Amino acid sequence: MRLLLQLFTCIICLQLIACSSRTTPAPVANLTSGKTSSQQKIKIKGSNYKVKKGETLYSIAFRSNKDFRDLAKINGIKAPYTIFPGQILQLNTSSKIQKKPKSYTDKTSKSTKTIQKNNNSLKKPLDPKKQQEYVENQTSLKKQQKVTQNTEKLRWYWPSKGRVARKFSGKENGYKGILIKNKLGTDILAAADGIVVYAGSALRGYGNLIIVKHNDDYLTAYAHNQIILVKEKQKVTARQKIATMGNSEAKSVGLRFEVRYRGKSVDPLRYLSR
């Protein structure tokens, strides 16, 4: 029994010596998916999409490269464009368009012709007062449209200080923005007046992302932020600090800045002063 105890003690000592002499670290299991941020698909394709937690209509329109107004119209969503996790959104009108039966179309066209004939026979000259009111209303509408167009003109500013390390590409799989490089924590600023329509990290490949709506035509996006300093539905002014530069879902520190015009990616350098 004493001999067995001595043998057991010797074995333990040998194991301790072997562990202390190890020069390389013990292997660690790799828990990542193996995909880098550049390999991840950040675009939405297909005819429909299931809404995930944290997404907004604007963020989905942004990823699918569509105008948010078109998505709202297709899916019958009215302002303020509220959507819910699990909701299925149609991304195009192909599934909505239904051709009328030929017989129905023929009957409709015949009845329409008959109604037109009857209307033509009953036509009367317009009331001069009503005609004048119509002209005045049209003139007033044109003035309002001019005022709206003037107020929607934007003045653009650089969203951050730094070096443009990557430029916009118009190719199908090209880089749809510019990459501004600088130090971690550099200020990120709103490029123009607007309202925050998305602030979060639900969009894979963009990291901590902010999307600002400037008017019905223009959106801007600020990706890979370190810290987000604004909330959704918050109004922001041009050059207001909205985040700090980071490397969330990116290989290095930098700001990915994008401009969308009516849902389509456009070159940000066309709007930013040199």
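This report describes the charged pairs, aromatic pairs, nonpolar cores and strand pairing of one predicted model.

## Basis of the description

The model is predicted, so local features need pLDDT of at least 70 and side-chain atom pairs count only at pLDDT 80 or more, while totals for chains, interfaces and linings use all residues. Residues are numbered from 1 along each chain as its sequence is written, and side-chain values use heavy atoms, with hydrogens and water left out.

Helices (DSSP runs of H or I, at least four residues) and strands (DSSP runs of E, at least two) are numbered from the N terminus. For accessibility, buried means under 20% relative accessible area, exposed over 50%, and partly exposed in between, with a 1.4 Å probe and protein chains only.

## Salt bridges

Eight salt bridges are found in a search of the whole structure; the term denotes a side-chain nitrogen of Lys or Arg within 4 Å of a carboxyl oxygen of Asp or Glu. One of them joins D187 to K241, with 3.0 Å between the closest N and O atoms. D187 belongs to strand β5 (residues 187-189) and K241 to strand β10 (residues 241-245), so this pair ties together parts that are 54 residues apart in sequence. D187 counts as partly exposed at 37% relative accessibility, and K241 counts as partly exposed at 37% as well.

Other salt bridges involve buried residues. R63 pairs with E55, the closest N and O atoms being 3.2 Å apart, and both R63 and E55 are buried. E258 pairs with R256 at 2.7 Å between the closest N and O atoms. E258 is buried with a relative accessible area of 0%, and R256 is buried with 10%.

## Aromatic pairs and a charge over a ring

The structure holds nine aromatic pairs. Rings of Phe, Tyr and Trp (its six-membered ring) pair if their centres lie within 6.5 Å; planes under 30 degrees apart count as stacked, over 60 as edge-to-face and the rest as tilted. Y58 and F68 form a tilted pair, 4.8 Å centre to centre and with 40° between the planes. Y58 lies in helix α2 (residues 57-63) and F68 in helix α3 (residues 68-75), so the pair ties together parts that are ten residues apart in sequence. Y58 and F68 are both buried.

The pair of W156 and Y218 is edge-to-face, with 5.5 Å centre to centre and 75° between the planes. This pair links distant parts of the chain, 62 residues apart: W156 is in the loop between α5 (128-151) and β3 (163-166), whereas Y218 is in strand β8 (residues 218-228). W156 and Y218 are buried. Ring pairs link W156, Y218, Y261 and Y271 into a cluster. Elsewhere, the charged end of R260 sits over the ring of F62, 3.9 Å from its centre; this arrangement requires NZ of Lys or CZ of Arg within 6 Å of the ring centre and within 35 degrees of the ring normal.

## Nonpolar cores

A nonpolar core is a set of buried Ala, Val, Leu, Ile, Met, Phe, Trp, Tyr and Cys residues joined through side-chain atoms within 4.5 Å. The largest such core has 25 residues, of which W156, I210, Y222, I242 and F257 touch the most other members. At least two residues of this core come from each of β4 (178-181), β7 (208-213), β8, β10 and β11 (255-261). Another core lies apart from it and has 24 residues, among them I83, Y198, L203 and L219.

## Strand β7 and its neighbours

Five of the six residues of β7 are buried, and the strand is mostly covered. Strand β6 (residues 194-200) runs antiparallel to β7 and is joined to it by five bridges; two strands pair if DSSP finds at least two bridges between them. In this pairing, I195 stands opposite K213 in β7. β7 also pairs with β8 in the antiparallel sense over five bridges, and V212 stands opposite T220 in β8.

β7 and β8 form a hairpin with four residues between them. N215 is found in the loop between these strands and is buried, with a relative accessible area of 9%. Its side chain makes polar contacts (pairs of N or O atoms within 3.5 Å; within protein, one must be able to donate a hydrogen and the other to accept it, and residues adjacent in sequence count only if both atoms are side-chain atoms). The side chain of N215 reaches the backbone nitrogen of D217 at 2.8 Å and that of Y218 at 2.9 Å.
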